[in-house]
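I opened this model today to look up a few features. My notes follow in the order I checked them.

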Amino acid sequence: MLGVDCVATGHNADDIAETVLMNVLRGDIARLQRCTDIITTGADSIPRCKPLKYAYEKEIVMYAYYKKLVYFSTECIFAPNAYRGHARTFLKHLEKIRPASIMDIIHSGEQMAIKEGVKLPNREVCELCGFLSSQKICKACSLLEGLNKGLPKLSLSKRSVQDRIRQENYSKVQSAIAEL
């Protein structure tokens, strides 16, 4: 709608290093391969670029303070207990021991390559919203569906369980309609 060619995000070196760590720990080679790219694209989506990829978070904050820029530095209240929060804590401890660890992790992520013949998961498009997803229905839509239908377990379950819950809910709705 805006006619833009690219969206610049605020991802910094700390964010990229956390993402590399999380993908290594999860064994998510598909995301690991692309998480260090400075420009990421998807099917029919606007490319995103990360101009602050090599800038440390504390450098950005110091620059904003020095230039008297208005910024907010609040963190999501759920972040400390999220998986990323654990990666962030580990990274901060590692940085105290070895200050170059953030850049080392980024450069390591950039150098990682997938062997020929390794099958990567398919990149699909969400049936509901049309955004890229590794599943038929993306996590955001799954969460919304669970909340809207009063089925909180729907979004937290594996795909096979989600399909079963959807089918059971569909059957209940059909029965209720038939009774009317």
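How many nonpolar, polar and charged residues are in the lining of the second largest pocket? I am working on a predicted model. By class, I find eight nonpolar, five polar and five charged residues in that lining. I looked up the volume next: the second largest pocket holds about 540 Å³ of space. I then listed the lining, which has 18 residues. Closest to the pocket centre are N12, E57, F72, S73 and T74. I also asked which elements give two or more residues to this lining, and they are α3 (57-66) and α4. The most comes from α3, with four residues.

**Helix packing.** I moved on to α4, residues 83-97, and its packing with α5, residues 101-111. I note an angle of about 115° between the two helices. Their axes lie 8 Å apart. On the α4 side, I list L91, K92, L94 and E95 in the contact. On the α5 side, I list S101, I102 and I105. Sorted by class, the residues of this contact are four nonpolar, one polar and two charged.

**Salt bridges.** K92 came up again here. I found its side chain in a salt bridge with D14, at 2.6 Å from N to O. K92 belongs to helix α4 and D14 to helix α1 (residues 13-26), so this pair ties together parts that are 78 residues apart in sequence. My count of salt bridges for the model comes to eight.

**Sheet.** Last, I checked the strands. Three of them form an open sheet, in the order β1-β3-β2, with mixed pairing. I then followed β2 to β3 (residues 48-49): the two pair in the antiparallel sense, over two bridges. For I39, I wrote down C49 as the bridge partner in β3.

Note on methods:
Residues are numbered from 1 along each chain as its sequence is written. This is a predicted model: local features need pLDDT of at least 70, side-chain atom pairs count only at pLDDT 80 or more; totals for chains, interfaces and linings use all residues. Side-chain values use heavy atoms; hydrogens and water are left out. Axes are lines fitted to C-alpha atoms, for helices over the stretch in contact, and angles run from 0 to 180 degrees between N-to-C directions. Contact means heavy atoms within 4.5 Å. Ala, Val, Leu, Ile, Met, Phe, Trp, Tyr, Cys and Pro count as nonpolar, Asp, Glu, Lys and Arg as charged, and the others, Gly among them, as polar. On a 1 Å grid over the protein atoms alone, a cavity is a set of points where a 1.4 Å probe fits but cannot get out, and a pocket is an open set with protein on both sides within 12 Å along at least five of seven lines; lining residues have an atom within 4 Å of a point. Grid points are joined across faces, edges and corners, and a volume is the space filled by probe spheres set on the points. Two strands pair if DSSP finds at least two bridges between them. A salt bridge is a side-chain nitrogen of Lys or Arg within 4 Å of a carboxyl oxygen of Asp or Glu.
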